[in-house]
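Please consult the sequence and the model shown below while reading.

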Amino acid sequence: MNITEPQPGIHAPATQATRRLDFATGGLLAVLTLFRFWYDAQHELLQDEAYYWQWSRHLDWGYYDNTPLMAPVIRLFTSLFGSTELGVRAGASVCALVISLFVYLLAKRLFGPAVAVVSVVLANIIPLFAAGSVIMTQDPVQIAFWAAALYVTQRALTDRPRWSWWVAAGILAGLAAQAKLNALALLPGVFLYVLLSPAARARWLRRPEPYVAGLIALLIFAPFVWWNHTHQNAFWIHAHAMASRGSGHDGLKWVLRFLGDQALLISPFFFLTYLAAISYCLYVALRHSAKEHDDSLVFLWCTSIVPFGATFVTALKSKVEGNWAVDAYASGVLLVAFVFVRLWDWQTHLGRFWNWLDGTTPRKSVLWSLNALKRTWVIMACLFALVLGTVALFPNLLYNAGVKFPKATDDRTNELYGWRTLGERIQRERAAMGGDPFVFGINYRMPSEAAFYLPGQPQTYSLFLNYKSSEYRFWEDPDALKGHDAVFLNDTDNQDHFDDLRAVFTRVEPQPPLLIFRKPPYATPIRTIQIVRCYGFKGYDVKKWQDGW
């Protein structure tokens, strides 16, 4: 068998060549996972990561910012590796491994081993997935369950009818939604496939299994809905506020920004190939082809276009974040891998036209040139994604080459530096004040980093002094803090909130700010943190002081 040519994978028997590819892929993923575990421990936590670690110390069925499953994942790995950087991030690295395994299994099943190997390579080198393998957010947890659900759902759709596959698909889809709300898009994606595929429509549209699987997914998601009902609908209000940002502006601006973010997050060559792939798949879906490859492409297109399209439509009216469409690329990497393998060995698919060119050297030379051009596209796409992914993990490579952001505040990698220094400074301030002053800020960022890097990792607080809410509001009882002294932190060089502090404390004493440096590449401070000693907390009315959701 020529392993460079896509082959239908569903009924293909295992060969020695495919077993070698299985072994090589497994070895590659094992090495990558060990590397990621090492990398996880090398850098201090991002502000969001420290915040999510705080979630894991307050397990619940929901959170102000999103669905809850990431918190127990962090809790699991911190119980194994301790409350360390590795403990917080190990879940992301394990999820990256799970994503790769199910991408490989699904691609091999649909298209054969060549596409499977390319899919795994793409899933590990594109910047969005590469960064997600070492940064703990909802995305790696969500995509791990999404990828598993895709594989199991495809088995349920194409194997002999078995309730076990459908029940498993419903459970995995529900867990994906509990990892991030966006994963609910999987349900309409699968339903769209059943409607568009003649074979799936004839087989499953009137059977109960798919609907029971969807009901299982919604039942697993239901505790989050109940949590919101009993917590002032906090997440729904927050989500509405997020989806309404920038309303009233030109929709074209947000759409172009969204598309630009996608090109950066998954690399330009990959994104252009993805757009070409989903356009071709739309043509396949509309012509209702019965070919095995075509039906597989329709399945991947449906489960990719729904989350991508939903984010695109949202971008027509407001600002969206680039990673909101990440679900689309669980199927998208398979589509792009399929296209890449076809481009690499494209002449074998020209059939009669290629044979007709025998002996026509000028015409054949043109086609050989086109073949070289298409292979160059594949090579450049992979190399460019690899470079972007490598730079995302090792930004000092750019700095050593003399490339850096004009302003340190624009460089997100600066978030990885200075938090141990902050913990040491806070501890000195607390010791100088005497007693046991609590530590607080006006948002989730400073309190979360302080909690992680202070000795003993104490509980910290957020007082929403003319600032929007966060999950901290559900963890605190401001009345229990009355009369206590505190250390205030704010990640800015302005003093906008000093008057607010004077209103809720008996006495405040601003201290010299903490300047965080990162040399090289920046000669000026990358962050200025205001530190204020506050004495005699008077208490405050959260509803009066909170400014927005």
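The expected span of a helix is taken as 1.5 Å times one less than its number of residues. The model discussed here is predicted.

Helix α8 covers residues 163-179. From the first C-alpha to the last, α8 reaches 24 Å, close to the expected 24 Å. Its buried residues include Trp165, Trp166, Leu172 and Gln178, as well as several alanines, among them Ala169, Ala173 and Ala176. The buried residues of α8 pack against four helices, α7, α9, α10 and α11, listed here with α8 itself.

| Helix | Residues |
|---|---|
| α7 | 138-158 |
| α8 | 163-179 |
| α9 | 186-196 |
| α10 | 198-204 |
| α11 | 209-229 |

Helix α11 also packs against helix α12 (residues 234-243), at an angle of about 90° and with the axes 6 Å apart. Because angles of 65 to 115 degrees count as roughly perpendicular, α11 is described as roughly perpendicular to α12. On the α11 side, the contact is made by Phe224, Val225, Trp227 and Asn228; α12 provides Ala234, Phe235 and Trp236. Six of the contact residues are nonpolar and one is polar, while none is charged.

The largest nonpolar core comprises 151 residues. The members that touch the most other members are Tyr329, Phe440, Leu489, Leu501, Phe505, Cys534 and Tyr540. Helix α16 (residues 328-344) gives the most to this core, with twelve residues. Leaving aside residues up to four places away in sequence, Tyr329 touches Leu128, Phe129, Gln262, Ile266, Phe270, Phe271, Tyr274 and Phe308.

Definitions and conventions
Residues numbered from 1 in each chain as written. Predicted model: local features only at pLDDT ≥ 70, side-chain atom pairs only at ≥ 80, totals over all residues. Heavy atoms only, no water. Helix = DSSP H or I, 4+ residues; strand = E, 2+ residues; numbered from the N terminus. Buried < 20%, exposed > 50% of the residue type's maximum accessible area, 1.4 Å probe, protein only. Contact = heavy atoms within 4.5 Å. Core = buried A, V, L, I, M, F, W, Y, C linked by side-chain atoms within 4.5 Å. Axes fitted to C-alpha atoms, helices over the stretch in contact; angles between N-to-C directions. Parallel < 35°, antiparallel > 145°, perpendicular 65-115°, else oblique. Nonpolar A, V, L, I, M, F, W, Y, C, P; charged D, E, K, R; others polar.
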